[in-house]
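This report considers the side of one chain that touches its partner, and then the fold of that partner.

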Amino acid sequence: MGHRVMLVDDASFMRMMLKNILVGSGYEVIGEADNGAKAVEQFKLLKPDLVIMDIIMPEMGGIDAVREIVKSNPSAKILMCSSMGQQSLVVEAIQAGAKDFIVKPFQPSNVLEAVKKALG
Amino acid sequence: MELENFNDFQLDALREIGNVGAGNAATALSQMVGRRVGMSVTKVLVLPTEAIAGFLGGLNQNVAAVHMPIYGEICGIALVFFPLERINELSGMLIGKKEENPLHLSEMGESAIKELGSILTGAYLSALFRFVHIQMIHGVPGLALDMAQAVLDTVLVELEQKEEIAIVIETEFLENEKQLTGSFFLLPEAGSLKKLFTAFSKSLELPNNG
């Protein structure tokens, strides 16, 4: 408990849903970003224990952001969050260094399970 | 590809994809609103693009449309239409707060409706992938609240060389005796439908024992 999480999604609604689930279970949401480029910058500053990252976003998508983050922080823990129908992108994200993925829309229990597993 | 080139087999295949996609969509919607949502596919059809506004109730019909580009083996645009008069109710269900004016949704309400359109599109594209193994990825969604023709004019400009037809899956979602009709439209780029129907044929080919 008390782990510091950063949320990256261009949809403020999705960030709000994730934040409610995480905060309600004792996690701390220390930062939010609405595209991959901002996520890379914020990661350097905030050094979160875990990042939950959307795949399709404007400017820089989630997969490129994972590559950037993992390049400078090989031990970064990143969970991808994707819609149904993006199977090939999920595989690419895992190859880029993401630990696991959550499919949208999600049940709170699925999110918490994946977060717990990723934080090891 | 012309409209009259569609045969019964291809339309049957589309209907089946529509059913599976709507099933995925109902599950997604149930998870988003936190209650069970039933569904039935009311229409699966292929329409000439100029007939889309008529299908939605006329050129001046007010609609809410979530639109997004489609990339991958088939490119184009996906649109999810909801009746505008229900959009504040739908947004209220998602964010837990009623919107006052449907033409000016709050930032959170707008984000929720865009995300809903995006997730429903993913549900239909995922059904398509399951049948024909054609990978299609949807891009960042936009939301338009306007008359049907105005929405179409804006969205179709983005598609330079389109097929002159649209694939339509109309689904009725039923939640706690309330009904909501959502229409999913796929507007493919020129040449894409041929690829799609070739894939349909391949997916149903019998193994060659000869």
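The sections below cover the basis of the model, the interface and chain B.

## Basis of the model

This is a predicted model, in which local features need pLDDT of at least 70 and side-chain atom pairs count only at pLDDT 80 or more, while totals for chains, interfaces and linings use all residues. Residues are numbered from 1 along each chain as its sequence is written, and chains are lettered from A and ligands numbered from 1 in the order in which they are written.

## Interface

In chain A, 19 residues are in contact with 22 residues of chain B (contact: C-beta atoms, placed from the backbone, within 7 Å). On the side of chain A that touches chain B, helix H1 (12–24) and helix H4 (87–96) of chain A each supply at least two residues; H1(A) gives the most, with 4 residues. Helices (H or I, at least four residues) and strands (E, at least two) are DSSP runs, numbered from the N terminus.

## Fold of chain B

Chain B contains 6 helices and 7 strands. From the N terminus on, the order of its elements is α-β-α-β-β-α-α-β-β-α-β-β-α. Of the contacts in chain B with a separation of 6 or more, 71% join residues 24 or more positions apart.

## Dimensions and burial of chain B

Along the principal axes, the C-alpha atoms of chain B fill a box of roughly 65 × 35 × 25 Å. Of the 210 residues in chain B, 44% are buried (20 or more other C-beta atoms within 10 Å of the residue's own, with C-beta atoms placed from the backbone).

Terms used: Two residues are in contact if their C-beta atoms, placed from the backbone, lie within 7 Å. A residue is buried if 20 or more other C-beta atoms lie within 10 Å of its own, exposed if 12 or fewer, and partly exposed in between; C-beta atoms are placed from the backbone.
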